[in-house]
Amino acid sequence: GIAAFLKLRQPPPPAAPTIAPVLEATLARWRMLYIDLPGTADQHLANGLAKMREDDPLAYAEAEESFQQALLLEPQRRDALVGYVQAVARGRIGTLDGETFEEANALIDLLLEKPPREADALTAKAELLLARPQPDVEAARRLAEEALTRADDTRRPAAQVALGRTYQSTSSELALQHLGDALSGTNADPRAYYFRALA
């Protein structure tokens, strides 16, 4: 009858957002670490961001966990994914093992394989490449340069820090220039003080 006809005319319900296989596989491993996960994604994300601002190896490890928890609760949270990769990269400079690198690299590539390639994801990948015992400086520099072309005022300092770091072994002048830029303005990145001292 009419009711059956109207039911047929109704649009199908929206499909649940799909999760990339690489992310689903990673989340499956992480679920084993957090059997009973209280709180909300927003709460874990806020805690992770607060830990990142401490700029301390132990705090970065805690930030990793908070971003993992946020992603377990809301796998589509782009900000949690970027935060996780940044925490891994900043907390393991020069000591990043191959397995952790491959996992974090595959995750950040999910955000970079389709346009628009946003500044924070580009910078996170650059930092990840620089965290390896044998960093891929040239690739990191290209990513940081691209990030600078796309960054707003809040994301520009982190990109400047990444770019400055790529020059530390070849040009102290350029390293100091970019790290100095990262410290200028209202959104200065205090991490630049450390890398400027090294330069």
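This is a predicted model: local features need pLDDT of at least 70, side-chain atom pairs count only at pLDDT 80 or more; totals for chains, interfaces and linings use all residues.
Of the 199 residues in the chain, 44% count as buried. Taken along the principal axes, the C-alpha atoms fill a box of roughly 80 × 35 × 30 Å. Among contacts between residues at least 6 apart in sequence, 60% join residues at least 24 apart. The accessible surface of the chain is about 10,900 Å², and carbon and sulfur atoms account for 55% of that area. The chain carries 22 positive and 29 negative charges, whose mean positions are 5 Å apart.

Arg191, Ala192 and Phe195 are its buried residues. These three cover an arc of only 90° around the axis, which puts them on the same side of helix 11. In general, an α-helix has 3.6 residues a turn, so residues three or four places apart point the same way. Cover for the buried residues of helix 11 comes from elements that include helix 4, helix 5, helix 7, helix 9 (156-166) and helix 10 (172-182). On the face turned away from this buried side, helix 11 carries the exposed residues Tyr194 and Ala197.

Charged side chains form the next part of the picture. A search of the whole structure finds 20 salt bridges. In one of them, the side chains of Arg29 and Glu103 meet with an N to O distance of 2.7 Å. Arg29 lies in helix 2 (residues 21-31) and Glu103 in helix 6, so this pair ties together parts that are 74 residues apart in sequence. The two partners can also be described by their accessibility. Arg29 counts as partly exposed, because its relative accessibility is 45%, whereas Glu103 counts as buried at 16%. Another salt bridge is formed by Lys51 and Glu54, with the closest N and O atoms 3.6 Å apart. Here Glu54 is partly exposed, with a relative accessible area of 46%.

Leaving aside residues up to four places away in sequence, Arg77 touches Ala41, Asp42, Leu45 and Leu71. Arg77 also forms a salt bridge with Asp79, in which the closest N and O atoms are 3.1 Å apart. Asp79 is partly exposed, with a relative accessible area of 35%. Through salt bridges that share partners, Asp42, Glu74, Arg77 and Asp79 are joined into one network.

Asp55, in the loop between helix 3 (41-53) and helix 4, has a positive phi of about 50° although it is not a glycine. At 38% relative accessibility, Asp55 counts as partly exposed. The other detail concerns a pair of prolines: the peptide bond from Pro115 to Pro116 is cis, with omega near 0°. Pro116 is placed in the loop between helix 6 (98-112) and helix 7 (119-130).

Note on methods
Residues are numbered from 1 along each chain as its sequence is written. Side-chain values use heavy atoms; hydrogens and water are left out. Buried means under 20% relative accessible area, exposed over 50%, partly exposed in between (1.4 Å probe, protein chains only). Contact means heavy atoms within 4.5 Å. Accessible areas come from the Shrake-Rupley method with a 1.4 Å probe; for residues, only the protein chains shown count as cover. Lys and Arg count as positive and Asp and Glu as negative; His and the chain ends are not counted. The place of a charge is taken as NZ of Lys, CZ of Arg, CG of Asp or CD of Glu. Helices (H or I, at least four residues) and strands (E, at least two) are DSSP runs, numbered from the N terminus. The arc is that of the directions from the helix axis to the C-beta atoms. A salt bridge is a side-chain nitrogen of Lys or Arg within 4 Å of a carboxyl oxygen of Asp or Glu.
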